[in-house]
Amino acid sequence: MPIISTAGLARTFQTKRGPVEAVRGIDLTVRSGEILGFLGPNGAGKTTTLRMLTTLLPPTGGAATVAGHDLVDDPAGVRRACGYVAQSGGVDPQITVREELVTQGRLYRLTKEQAVRRAEELAQDLDLTELLDRKCAALSGGQRRRLDIAMALTHRPRVLFLDEPTTGLDPGSRADLWDLVRRLRDEHGTTVFLTTHYLDEADALSDRLVVVDDGRIVADGTPSALKLRYAGSIDASLQDAFLAITGRGPAPADSAPVAV
Amino acid sequence: MLLHDTALVFGRYARQTLRSRFAMLFGVLMPLLYLLFFGPLLTGLPLGSRGSSWQVLVPGLLLQLSLFGASFSGFMIILEKQSGVVERMRVTPVSRLALLLGRVLRDAAVFVFQAVLLVIAALFMGLRAPLAGILLGFVFVALLTVSLASLSYALAMKARSQHEFGPAVNALTMPSMLLSGLMLPMSLAPGWLDLLSRFVPFRYLVDAMRDAYVGLYTTSSMLYGVLAAVGLTTLAVTVGTRVFRTAGA
């Protein structure tokens with residue numbers, strides 16, 4: 001039983017210059033406990049897909065279930081089962097870490113005592129305990145990201161969606177975040193659905209990669225399978241495979257003179 | 001659940017307001033300046049009212065406070081959209097309606113509080129009015145705030161940026177203030193202006209409030225004022241609810 005399954009999931013935006021098909025029909029299944037890397041060039045439809053799967057944006061076509069709940073008929077069920085960290089994060093800079101975590105618990109319908117306890121648990125788990133009484137504005141990039149993830153884990157979701165979680169982080173914070181994602185899956189069996197532009201990250205972290213381009217899935221497989229198939233060798237870089245898949249490779253070497 | 005969630009959202013934004021007490025007092029500044037430097041000009045003028053000029057001016061200033069303040073409530077949500085707070089809350093099971101009502105009720109509390117401060121200042125300037133009328137006036141301030149804040153949040157959810165939102169709101173509030181006779185009663189206006197002002201719902205609120213301030217509670221102005229206030233509130237909350245339920249913003 002897949003934890004996420006979509007069939008022909010699509011989203012068209014109406015704009016002044018006519019309809020824009022951001023997502024043109026995504027068929028996808030994700031197994032429980034999988035770490036899925038969702039890749040694609042800018043504008044490929046990654047964030048739109050994520051926003052549909054987290055109920056933020058109603059699809060204009062197709063269907064999907066997340067943790068057994070239908071996206072359209074039971075959005076409340078989907079919301080209880082999944083956590084989402086947007087690219088921008090989502091905390092108020094003027095509020096303390098503790099207050100944000102407790103309010104988040106209350107939004108998930110915990111009682112006040114439960115929410116206070118859960119905030120402390122999360123802070124412990126994500127190494128935020130020392131920071132609980134700081135304002136969110138005073139956190140570093142890596143600390144902010146850990147807080148964003150703590151917020152999304154408040155209700156122990158079965159699926160965690162991360163939209164470009166490590167953009168702008170220093171190498172140390174990125175490595176910490178990778179460890180955290182692996183730990184979530186290993187200790188809690190959480191399914192992690194993440195988008196990224198860092199191919200080393202996708203390679204190191206994902207069990208499986210799905211590449212989208214122009215609103216459609218153009219490749220799907222383990223990192224080594226994609227390298228073998230699209231770049232000719234499992235020792236090739238994921239970068240080469242990615243460029244071959246999305247057809248945005250560097251121009252052939254002999255097409256222009258290097259020097260005149 | 002709706003009550004629980006509304007109380008929660010109200011609490012979050014009420015604490016935010018309490019953290020910026022200065023901003024809250026700043027909101028009273030403009031009507032207070034009118035009270036101090038414009039009010040005394042009216043004391044000797046024939047305003048066609050049964051009471052003193054203060055009984056004409058203060059209801060207008062209270063509604064002006066709400067008109068200019070509540071219309072810009074949406075600014076906050078634009079900032080929250082940019083920081084991702086709106087979406088972060090919308091992926092939780094929290095009631096969509098509560099996300100609107102909690103904010104709107106906070107605004108109502110803030111503007112009624114500011115209105116109380118302004119009435120106290122007006123009492124020092126020379127306002128004398130029946131207590132029941134003054135209290136009824138606060139109800140009008142609350143209803144107008146709920147209406148305008150709901151519309152403002154709805155517009156802000158749809159607006160792409162504050163650069164789009166600010167000018168749009170300005171373009172609506174300024175003529176509304178002039179055309180509803182908030183500063184001076186429209187009974188002084190020439191026929192065409194009086195007629196035009198009848199298309200602005202705030203006019204009925206201020207006329208009713210001026211009646212309340214001279215102790216007249218059963219006039220036709222009062223009836224129209226109550227109908228306009230309740231109608232506007234119902235319409236605005238309905239619009240706000242629809243936007244908050246569906247917004248992909």
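Which residues of H1(A) are buried?

1. Helix H1 of chain A. The buried residues are Lys46(A), Thr47(A), Thr48(A), Thr49(A), Leu50(A), Arg51(A), Met52(A) and Leu53(A). A residue is buried if 20 or more other C-beta atoms, placed from the backbone, lie within 10 Å of its own. H1 of chain A spans residues 46–53 and is mostly covered. Thr55(A) follows, with a positive phi near 70 degrees.

2. Basis. This is a predicted model: local features need pLDDT of at least 70, side-chain atom pairs count only at pLDDT 80 or more, and totals for chains, interfaces and linings use all residues. Residues are numbered from 1 along each chain as its sequence is written, while chains are lettered from A and ligands numbered from 1 in the order in which they are written. Helices (H or I, at least four residues) and strands (E, at least two) are DSSP runs, numbered from the N terminus.

3. Sheet in chain A. Six strands form an open sheet with mixed pairing, in the order S6-S7-S8-S3-S9-S10. Strands pair if DSSP finds at least two bridges between them. S6 (82–85) and S10 (216–221) of chain A are the edge strands. S7 and S8 of chain A pair in the parallel sense over five bridges. Leu162(A) has Leu194(A) as its bridge partner in S8(A).

4. Chain contacts. In all, 15 residues of chain B are in contact with 22 residues of chain A; contact means C-beta atoms, placed from the backbone, within 7 Å. H6(B) gives the most to the chain B side, with five residues.

Note on methods
A residue is buried if 20 or more other C-beta atoms lie within 10 Å of its own, exposed if 12 or fewer, and partly exposed in between; C-beta atoms are placed from the backbone. Two residues are in contact if their C-beta atoms, placed from the backbone, lie within 7 Å.
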